[in-house]
Amino acid sequence: MTDFAVRPITDDERRPTFTLLMQALHSRVPSDENWREYAESWAAERKFGAFAETGPVGITGSFDTELVVPGGARLSTGAVDGVGVRADWTRRGVVSALMRTQLEDFAARGISLAALYASEAVIYGRFGYGAATLGRSVRVEHPARIRGSAPSTGTVRLLDENQAVVQIPTLYQRIIERAPRPGQLARPAYWWPSEHNRQVRYGGGYRVAVHTGLDGEDDGFAVFRSVDRGTTDEPERRALLDVRDLNGANPAAIAGLWRFLLSVDLIGTVVARDRPVDDPVGVLLTDPRRAHTTELGDQLWVRVVDVAGALAARTYGDAAPVVLGLTDPQLPANTGHYAVGPEGAHRTDAPADLQLDSEALAMLYLGEWRATSLLQAGRLTATDPAAAARADILFTTEQRPWCGTHF
């Protein structure tokens with residue numbers, strides 16, 4: 001018997017639950033003016049609260065979107081955009097109850113995957129989430145120049161804030177349709193007001209550059225701002241360029257945007273956070289040592305909700321099939337054996353070659369982690385010693401998975 005109840009929130013409970021989340025994450029509680037900016041992206045729909053006699057003590061929310069999986073298919077995904085518990089209610093089963101309710105809701109609605117950014121890496125594995133993509137932060141020190149042999153087709157222009165709000169959503173959609181990368185998320189209308197519009201329109205100081213190809217069509221964009229680093233002792237110290245969002249449909253667009261960012265006057269350093277592990281900026285430079293990786297860590301965490309459907313939806317490499325034996329205590333309907341091979345995946349009664357849980361499956365699913373590495377780490381077990389090497393070939397992707405969409 002618990003002393004709280006989990007249920008969907010109402011419209012009247014949006015602001016108090018948002019306030020609870022901000023306090024749990026040690027963020028600023030919004031003023032009345034700030035709340036008007038946030039409210040559009042904090043709908044009651046898809047949010048579950050834990051309520052005690054004193055009011056809300058926990059919250060988890062999500063929005064529906066799609067995630068690109070290997071091969072280019074886009075699967076329905078619940079993007080978990082906030083989990084928090086009031087400080088005096090932690091370690092009393094609130095998070096477990098909220099996450100269980102949310103997963104059951106995803107399964108009941110036929111959602112294939114769930115995804116989140118983890119504030120703490122020790123929390124979400126027990127609910128079947130695994131770190132499925134990695135992100136790299138890059139710091140480029142001036143002087144830095146793009147090599148003459150790098151793609152140089154197209155032009156770059158700056159948008160004003162109204163143009164950016166209108167044009168960038170359509171451009172992003174075009175990019176992930178033409179150049180889908182495993183791990184990328186569709187950005188629904190719900191996402192843009194708080195994550196993009198607020199940055200470029202409400203004092204975030206961000207500007208937007210768009211790359212146009214030789215065919216006259218826009219094919220990439222970058223969202224960035226300058227940060228003054230001048231001090232009393234160093235008043236002439238050059239500014240830092242902070243790149244928040246960079247996407248391109250082809251190598252020429254990516255190279256063109258980097259060329260533009262590195263050419264902005266009076267800038268001493270360009271910093272781009274959470275880039276793909278294989279971001280090409282280093283090899284684009286005449287002096288690759290001007291680019292430094294300052295951080296490498298987990299990015300998007302994924303949870304496979306509909307295991308049979310999700311395994312069947314992605315493509316695989318050319319290796320002999322492997323049978324996965326899955327245990328999923330949160331969603332027991334997923335527990336079973338799955339044959340995975342170049343022709344696809346399906347449930348089977350055949351004995352398992354590899355035995356794993358939902359967290360390990362999530363780590364394999366987009367292709368970032370190798371089964372042999374997970375085997376060595378004790379994250380899965382093998383009855384067939386050669387099966388992990390076959391699974392490496394089956395699950396590996398040509399491009400490293402990457403998300404690049406924060407929520």
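User: Happy to start with strand 2: which residue there is the bridge partner of Ala5?

Analyst: Keep in mind that this is a predicted model. Strand 1 covers 5-8, and it pairs with strand 2 (residues 47-52) in the antiparallel sense over four bridges. In strand 2, the bridge partner of Ala5 is Phe51.

User: Which are the edge strands of that open sheet?

Analyst: Let's read the strand order, which is 1-2-3-4-5-14-6 in this open sheet of seven strands. An edge strand pairs on one side only. That gives strand 1 (5-8) and strand 6 (130-131).

User: What angle does the direction of helix 9 make with that of strand 14?

Analyst: Good one! Helix 9 (residues 358-365) packs on the sheet, where it touches strand 4, strand 5, strand 6 and strand 14. With the direction of strand 14, the direction of helix 9 makes about 120°.

User: How many residues does helix 4 bring to the largest nonpolar core?

Analyst: This core has 59 residues, and Leu113, Ile168, Leu311, Tyr365 and Phe395 have the most contacts inside it. Helix 4 (residues 161-178) supplies the largest share of the core, and that share is seven residues.

User: And how far apart are the axes of helix 4 and helix 5 where they pack?

Analyst: Nice follow-up! Ile168 and Tyr172 of helix 4 are among the residues making this contact, as are Trp192 and Val200 of helix 5. The crossing is right-handed. The two helices pack at an angle of about 145°, and their axes are apart by 9 Å.

Technical notes. Residues are numbered from 1 along each chain as its sequence is written. This is a predicted model: local features need pLDDT of at least 70, side-chain atom pairs count only at pLDDT 80 or more; totals for chains, interfaces and linings use all residues. Side-chain values use heavy atoms; hydrogens and water are left out. A nonpolar core is a set of buried Ala, Val, Leu, Ile, Met, Phe, Trp, Tyr and Cys residues joined through side-chain atoms within 4.5 Å. Buried means under 20% relative accessible area, exposed over 50%, partly exposed in between (1.4 Å probe, protein chains only). Axes are lines fitted to C-alpha atoms, for helices over the stretch in contact, and angles run from 0 to 180 degrees between N-to-C directions. A crossing is left-handed if the near helix is turned anticlockwise from the far one by less than a right angle, and right-handed if clockwise. Contact means heavy atoms within 4.5 Å. Two strands pair if DSSP finds at least two bridges between them.
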